[in-house]
Amino acid sequence: MSVIRIEGLKKSYGRFEAVHDVTFAAGAGRVVGLLGPNGAGKSTTLHVLLGLASADAGTATIDGRRYAELEHPSRVVGAMLDAGGLHPGRTGRDHLRVLAAAGGLPALRAEEVLDLVGLRPAAQRRVRTYSLGMKQRLGIAAALLGRPQVLVLDEPANGLDPAGMRWLRELLRSFAADGGTVLLASHVLAEVTQVADDLVVVGQGRVVAAGTLDDLVTDRSLEDVYLDLTATTEGVR
């Protein structure tokens with residue numbers, strides 16, 4: 001059964017058609033890699049799914065409902081779209097406590113996710129002193145605060161060192177193994193190969209391929225398949 005369902009999604013900004021008739025689904029217990037060149041429509045799709053932009057046509061739902069219709073959204077879906085949106089003057093702990101309070105969650109949950117992402121030693125430091133990798137971890141911690149069943153992540157591997165990449169891979173696989181659904185937009189193809197069950201490849205606002213990783217990547221690398229699929233769309237938007 002599909003937890004995330006995107007059907008016939010269209011979104012334009014003036015004359016620029018960012019997304020055209022995008023359709024795909026993500027089921028429970030699956031990690032779905034959303035791939036495509038810059039400007040292909042990945043971020044727009046995620047923004048519509050999370051209620052940050054309105055669709056011109058089509059639907060984007062989680063458990064059959066639009067994001068705005070979820071009674072306790074942070075307990076259904078956790079998202080990280082931009083680690084750069086953190087308040088630089090707050091400590092990591094304070095950032096999570098503010099979000100926990102806004103979501104009606106106990107302050108103790110902030111401590112739990114700090115441990116989960118390995119930021120407890122840096123919890124009292126100001127976010128302005130964090131490396132990009134640490135900010136990514138903090139963003140993921142925020143996404144996990146409500147114990148959601150769905151994670152929507154945009155380029156979560158940015159800034160992570162090799163140990164951080166392994167940690168992220170294990171986190172996402174564990175989340176899916178527990179029945180969660182992960183929608184992961186990424187350019188790090190090597191990591192996608194190791195973590196994804198399914199792939200959706202978009203180009204020029206359209207889905208150019210979708211299926212399981214095993215079906216789409218057989219005797220060639222994901223990089224080769226991806227470059228072939230997007231060869232006519234790269235750099236035109």
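This is a predicted model: local features need pLDDT of at least 70, side-chain atom pairs count only at pLDDT 80 or more; totals for chains, interfaces and linings use all residues.
Is threonine 91 buried or exposed?

**Stop 1: the hairpin**

Start by selecting residues 2-13, strand β1, together with residues 16-27, strand β2. The two pair in the antiparallel sense, and eight bridges hold the pairing together. Pick isoleucine 6 and look across to β2, where phenylalanine 24 stands opposite. Now go to the turn: two residues separate β1 from β2 in this hairpin, and glycine 14, which sits there, has a positive phi of about 65 degrees.

**Stop 2: the six-stranded sheet**

Next, colour the strands of the open sheet in their order, β5-β6-β7-β3-β8-β9. Six strands take part, and the pairing is mixed. Look at the edges: β5 and β9 (206-212) each have a single partner strand, so one side of each is left without a neighbour in the sheet. On average, neighbouring strands here are turned by 15 degrees against each other, direction ignored.

Zoom in on β3 and on β7 (residues 181-185), which run parallel and are joined by four bridges.

**Stop 3: helix α1**

How many of the eight residues of α1 are buried? Six are, so the helix is largely enclosed by the rest of the structure. To see them, show Lys42, Thr44, Thr45, Leu46, Val48 and Leu49.

**Stop 4: threonine 91**

Back to the opening question. Select threonine 91 in the loop between β5 (77-80) and α2 (92-102). Threonine 91 is buried, with a relative accessible area of 5%. Its side chain reaches the backbone nitrogen of aspartate 94 at 3.0 Å. Show what surrounds it, too: leaving out residues up to four places away in sequence, threonine 91 touches Ala123, Gln124, Arg125, Arg126 and Val127.

**Stop 5**

In soluble globular proteins, nonpolar side chains tend to be buried together. Here, the largest nonpolar core has 36 residues, and the members touching the most others are Leu96, Leu119, Ile140, Leu151 and Leu172. Two or more residues come from each of α2, α3 (108-116), α4 (132-144), β6, α5 (162-177) and β7. Highlight α5 in particular, as it gives the largest share, seven residues.

Centre the view on leucine 96. Beyond its neighbours within four places in sequence, it is in contact with Ala110, Val113, Leu114, Leu138, Ala141, Ala142 and Leu145. Then move to a second, separate core of 28 residues; Val3, Ala40, Leu50 and Leu183 are among them.

**Stop 6: helix α8**

Finish with residues 222-230, helix α8, and show Leu222, Val225, Tyr226 and Thr230, which are buried. Turn the view until you look down the axis of α8: these buried residues fall within an arc of 115 degrees, so they line one face of the helix. What covers them? Among the elements to display are β3 (31-35), α6 (189-195), β8 (198-203) and α7 (213-216).

Key: Residues are numbered from 1 along each chain as its sequence is written. Side-chain values use heavy atoms; hydrogens and water are left out. Buried means under 20% relative accessible area, exposed over 50%, partly exposed in between (1.4 Å probe, protein chains only). The arc is that of the directions from the helix axis to the C-beta atoms. Contact means heavy atoms within 4.5 Å. A polar contact is a pair of N or O atoms within 3.5 Å; within protein, one must be able to donate a hydrogen and the other to accept it, and residues adjacent in sequence count only if both atoms are side-chain atoms. Two strands pair if DSSP finds at least two bridges between them. Axes are lines fitted to C-alpha atoms, for helices over the stretch in contact, and angles run from 0 to 180 degrees between N-to-C directions. A nonpolar core is a set of buried Ala, Val, Leu, Ile, Met, Phe, Trp, Tyr and Cys residues joined through side-chain atoms within 4.5 Å.
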